Amino acid sequence: MEEKQDYRKELFYEKKNGYDLMCAEERAGMERYCEGYKAYLNDSRTEREAVANAIRLAEAEGFVEYERGMQLRPGDKVWFNNRGKALMLAVAGKRPLDEGIVVAAAHVDAPRLDLKQTPLYEDNELAFFKTHYYGGIKKYQWTAIPLELHGVVVTKSGEVIDVVIGREKDEPQFVISDLLPHLAADQMKKTMAEGVTGEGLNILIGSAPYDDEGKDRVKLAVMSILNSSYGITEEDFVSAELCAVPAFDVRDIGLDRSLIGAYGHDDRVCAYAELKAIFDVSEPEQTCVCILADKEETGSDGVSGMKSEAFEWFVGDMCKAQGVDLRDCFAKSICVSADVTAAFDPNYPEVSEKQNCARLNYGVGLHKFTGSRGKAGTNDAPAELVAFMRRICAENGVQWQMCELGKVDQGGGGTVAMYMGNRNIATIDAGVPVLSMHAPFEVVAKYDCYMTYKCVLAAYNAKL
Ligand code: MN
Ligand code: MN
């Protein structure tokens, strides 16, 4: 009997719950790590804030701003800020760049409600902001929850004014109203996609009229508050990037505190894993690059997205300093596309295929491929790279699970992986499983956050 059991253990691939593997010391390390993540996430509600906070943390770790043509020696640490919306960091390795670099790429933008460029209006003596949603959202989830306003207003003179309203306990917040059930008979007959419309996502921002006898008195009162606080006029919204984000604090979830609930885990949970990993790497063989990209949720286009040549500009400049062709560097490099995946949800088992889905507490989720239908729009990591990840994870005590997002033909999704693969960099997806992904309040397991950090660190420490 015993012999047969061992044979099974030897031959079968069995995924394991991390809590059955974790020692007390590792558990303490996980808790410490997650406290750092929670603090970072709580203060990083836009890509700009995520970048600014990452630079602050990096400088405390000895990173300095990259300058064009800089000669880096092994162990040198630099950061490159792409227009305040995306960030790249590097730790120079012992080996020349034509022997390849190790890249980890996450994104720091998250689904939200952007204000339109002419957002302000008054309707029936209430003032509102019109919005245009950013990224994939279920619109009904964004009504009747507290919202904060974040972003920048750039005036005609070029002055950049930072705006954060609603984060501090004594500041006002904002909300999008929803219909009371008593009068929602017609609304409730609609599909969930149609029940709340994009043009219906108007944010309530004021109700007290300005003390005069003209028209639009509430709009005027609101504009006068903004003018006295920020010195802006209505036309300044045209060159603003303001958005409404959920006002929920980052919190432990569950009686056992094993989970974290927050807005924006996707993908700041992997961004932080990369940051912490590049801070903790010391004297790596290969040069390590950490990317915090913008615009992933809208397709990675634009100057700050992963398709941008800003990446070539940064790595290419480092190559030039060594007399290396960027293409020779890319051909030998690997990339861990660190982005979240869907965790199996027992409330909705019908969308997942149990044998190949990610589970909370089973470690970092590796994806050989993503995409939809017949794997359309996938990077599809080479089997050799998957094997390499298995090996370095095993050598570094990283618990991982191989997974796929949902049942075949159920839907699908992508990450920045294909844009790295298209650059001739062998790329694999690896990230944290999430419950309620893209909702205003997402849930992750602390264990998986920690394992994703350890996975990226193992990659940074690897010799290619
Ligand atoms: Mn993502
Ligand atoms: Mn996403």
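The legends below describe close-up views of a predicted model.

**View 1. The nine-stranded open sheet.** The strands of this open sheet follow the order β1-β2-β3-β13-β4-β14-β20-β16-β18, and their pairing is mixed. At the edges stand β1 (64–65) and β18 (400–402); each has a single partner strand, so one side of each is left without a neighbour in the sheet. Strand β3 (residues 86–91) is joined to β13 by five bridges, and the two run antiparallel. Within this pairing, valine 91 has cysteine 288 of β13 as its bridge partner. Strands of a sheet pair through backbone hydrogen bonds, in either the parallel or the antiparallel sense.

View 2. Strand β4 covers residues 101–107, and seven of its seven residues are buried. The side chains of Ile101, Val103, Ala105 and His107 point one way from β4, while those of Val102, Ala104 and Ala106 point the other way. In a regular strand, side chains alternate between the two faces of the sheet. Seven bridges link β4 to strand β13 (residues 287–293) in the parallel sense. Four bridges, again parallel, link β4 to strand β14 (residues 334–338). Alanine 104 takes part in both pairings: its bridge partner in β13 is cysteine 290, and in β14 it stands opposite valine 336.

View 3. Aspartate 266 in helix α6 and aspartate 339 in the loop between β14 and β15 (341–342) are 73 residues apart, and the pair links distant parts of the chain. Aspartate 266 and aspartate 339 are both buried. His107, which belongs to strand β4, is buried as well.

**View 4. The site of the manganese ion (ligand 2) and the bridging aspartate.** Aspartate 266 bridges the manganese ion (ligand 2) and the manganese ion (ligand 1), and the two ions lie 3.3 Å apart. Because aspartate 266 lies in helix α6 and glutamate 297 in the loop between β13 and α7 (310–322), the pair ties together parts that are 31 residues apart in sequence. Aspartate 266 has 3% relative accessibility and counts as buried. Glutamate 297, at 13% relative accessibility, also counts as buried.

View 5. Helix α6 spans residues 265–280, with 16 residues. From its first C-alpha to its last it reaches 22 Å, close to the 22 Å expected at 1.5 Å a residue. Of the 16 residues in α6, 14 are buried.

View 6. Lysine 446 forms a salt bridge with glutamate 31, and their closest N and O atoms are 3.2 Å apart. Lysine 446 lies in helix α11 (residues 446–461) and glutamate 31 in helix α2 (residues 24–42), so the pair ties together parts that are 415 residues apart in sequence. Lysine 446 is buried, with a relative accessible area of 1%, whereas glutamate 31 counts as partly exposed at 28%. A search of the whole structure finds 30 salt bridges.

View 7. Aspartate 114 and arginine 112 meet through their side chains in a salt bridge of 2.6 Å, N to O. Both aspartate 114 and arginine 112 are buried. The side chains of aspartate 380 and lysine 368 also meet in a salt bridge, at 2.6 Å from N to O. Aspartate 380 lies in the loop between β17 (371–372) and α9 (383–395), and lysine 368 in the loop between β16 (364–367) and β17, twelve residues apart. Aspartate 380 counts as partly exposed at 29% relative accessibility, and lysine 368 is partly exposed with a relative accessible area of 27%. Salt bridges that share partners join Glu47, Arg48, Lys85, Arg112, Asp114, Glu241, Asp294 and Lys295 into one network.

**View 8. A nonpolar surface patch.** Tyr7, Leu11 and Phe12 form a nonpolar patch on the surface, and together they have about 380 Å² of accessible area. Tyrosine 7 lies in helix α1 (residues 2–11) and counts as exposed at 53% relative accessibility.

Key. Residues numbered from 1 in each chain as written. Chains lettered and ligands numbered in written order. Predicted model: local features only at pLDDT ≥ 70, side-chain atom pairs only at ≥ 80, totals over all residues. Heavy atoms only, no water. Buried < 20%, exposed > 50% of the residue type's maximum accessible area, 1.4 Å probe, protein only. Pairing = 2+ DSSP bridges. Expected span 1.5 Å × (residues − 1). Patch = residues over 30% accessible without salt bridge, like charges linked within 9 Å, V, L, I, M, F, W, Y side chains within 5 Å. Areas by Shrake-Rupley, 256 points an atom, 1.4 Å probe, with all protein chains shown as cover. Salt bridge = Lys/Arg side-chain N within 4 Å of Asp/Glu carboxyl O. Donors = N, O, S within 2.8 Å, 3.2 Å for Na, K, Ca; no water.
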